[in-house]
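The following exercises are to be worked through with the sequence and the three-dimensional structure at hand. Each task is followed by a solution in steps.

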Amino acid sequence: MIKNTAQIKQALGNLLDANSIIFAQEEMGAYLDEPRKRFHKKALAIVLPKNVSDVQKIVRFASEHELVLVPQGGNTGLVGGQVPLFANEIIISLSRLNRVRKIDVAAGNIVVEAGMILQQLHESVTKDNMFFPLTIASKGSAQIGGVLATNAGGIHALSYGNARELCLGIEAVMADGSLYNGLKYLKKDNSGYDLKNLLIGSEGTLAIITAANLKLIKQPIENETALVALENVQQAYELFCTIKQIANSKLSAFEIIPRFGIDILLKHKVIEKELIKDNSPYYVLAEISYFERGNNDILMGELEKAYEKEQISDGTIYAQSVAEREELWHLREAMSETQGLEGASIKHDVSVAPQKVPQLIKRGIEAIAKIDKNIRPCPFGHLGDGNIHFNFSQPKGANPEEFLAMSDEIHKAIYDIVIELDGSISAEHGIGQLKTDLLKQVKDPVALNMMQAIKNALDPKHIMNRGKILR
Ligand SMILES: Cc1cc2nc3c(=O)[nH]c(=O)nc-3n(C[C@H](O)[C@H](O)[C@H](O)COP(=O)(O)OP(=O)(O)OC[C@H]3O[C@@H](n4cnc5c(N)ncnc54)[C@H](O)[C@@H]3O)c2cc1C
């Protein structure tokens, strides 16, 4: 076994061609700088396999020499799973495995390699009038492997499910370098454990996903989209229940946005003044997608009724064209980045049962105001799924470092409420290296033991993303 850095580099150089490895630290920036700039470890090397056989070679090499591999997709993860935790780790980027292997429009599925960018997948199926319904604001960089490894959710999970529900099969290189070929899809297959679902959401700690068989659906023929102004979160939840009862699975998004979010979008000129006319405390971005001709104005009808009953304010904007719909979605998708322009923020990706969202937001805001009444709350996100990005921006003009020094206190206040409400401390972003300690504190000990046993069995040398999820 080689341990010396120079020897490792030389052996890697013999294994792969020169343009498949990066050793120079100054060329590693794009792989090491993660979106929230929290983690700053160096890597020993970046390896860029060209095909599955390269991935197997790299994993066998890492296993033989007990070197840690950090699988990386688009590097958009928000919990540091895709960047090193310790020194001397090797990032394995899947970005060059980016082909469509097979598409079957009639059956509604597509086999793509792990490095395909989500947006490219969206674009590649529109010519066939098909649609891959998972969408997230990072779709221009996030890759299918990363989306599956994190079981990403996003704005349409309400209707179509998380990545897990949209994945029919998986191919992955296991920690000993063997290839698990689980790409075939059978509606009925009870021949043992569900390995596909074990690998989905495993954040690169069990295997490296190299390809996936994904579900495609027909494109909706029409979408009804509206930005609705409301007085409070309880009204938003009640509106959700009313519309959901009628639209059922056609209700494809129901996102909440606080006034603070709208204010910063206006301040930083991400949206125009005319788009938002009134000044309500909360807004909901709702969408219903239709796949057949018929009664395709459910949203408009329900919003009219709600307005007559004074359940919503008169600032509602109903998209009249594709361009207007895109404008409304742009507003929602820009929320996270725009918050970054307001100085430091402390963020929580949490979930509770949807009926508890009003309580979560109310109690969370009150608890943080007790710490410092000038902290600016920005709870937004997937109300219909009970998944709120419960973020806080620093007080105006405050010192960012001083604000960030309050992180532990603020986290504790929010996570205590989430746990009391029987929720989850990670709704869709995962655990990565950010929440390992927290997971230990809040997860059922039996579940933690099962997770550790699975890790030890599938990756006995802990070469796959060591220390992520389970420290
Ligand atoms: C602006 C913004 C908005 C976002 N919105 C959402 C959202 O709405 N919903 C949501 O769920 N997430 C969201 N995210 C988080 C992130 O984009 C997703 O988690 C995404 O799925 C990660 O994909 P990636 O290719 O960038 O993975 P990376 O960041 O590269 O990796 C993430 C994790 O997956 C592992 N991994 C990556 N590729 C593989 C592979 N091939 N095999 C095994 N493991 C692998 C990594 O080791 C790491 O643990 C957002 C992020 C940003 C920056």
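Helices (H or I, at least four residues) and strands (E, at least two) are DSSP runs, numbered from the N terminus. The model is predicted, so local features need pLDDT of at least 70 and side-chain atom pairs count only at pLDDT 80 or more, while totals for chains, interfaces and linings use all residues. Residues are numbered from 1 along each chain as its sequence is written, and side-chain values use heavy atoms, with hydrogens and water left out.

**Exercise 1.** Determine where serine 63 is placed and whether serine 63 is buried or exposed.

Solution. Step 1: serine 63 is found in helix H3. Step 2: the relative accessible area of serine 63 is 13%. Buried means under 20% relative accessible area, exposed over 50%, and partly exposed in between (1.4 Å probe, protein chains only). Serine 63 is therefore buried. Step 3: when neighbours within four places in sequence are left aside, serine 63 is in contact (heavy atoms within 4.5 Å) with Ala175, Lys461 and Ile463.

**Exercise 2.** Describe the open sheet of four strands and the helix that packs on it.

Solution. Step 1: the order of the strands is S1-S2-S4-S3, and the pairing is mixed. Two strands pair if DSSP finds at least two bridges between them. Step 2: strand S1 (21–22) and strand S3 (69–72) form the edges, each pairing on one side only. Step 3: helix H3 (residues 52–65) packs on this sheet and touches S2, S3 and S4. The direction of H3 makes about 155 degrees with that of S3; axes are lines fitted to C-alpha atoms, for helices over the stretch in contact, and angles run from 0 to 180 degrees between N-to-C directions. Step 4: strand S2 (residues 45–47) and strand S4 (residues 90–93) are parallel partners over three bridges. Within S4, isoleucine 90 is the bridge partner of alanine 45.

**Exercise 3.** Describe the open sheet of five strands and state how H3 lies across its strands.

Solution. Step 1: the order is S5-S6-S10-S8-S9, with antiparallel pairing. Step 2: the edge strands are S5 (100–104) and S9 (179–182). Step 3: strand S8 (residues 167–174) pairs with S10 over seven bridges in the antiparallel sense, and alanine 212 in S10 is the bridge partner of isoleucine 170. Step 4: H3 lies across S5, S8, S9 and S10 and runs at about 45 degrees to S8.
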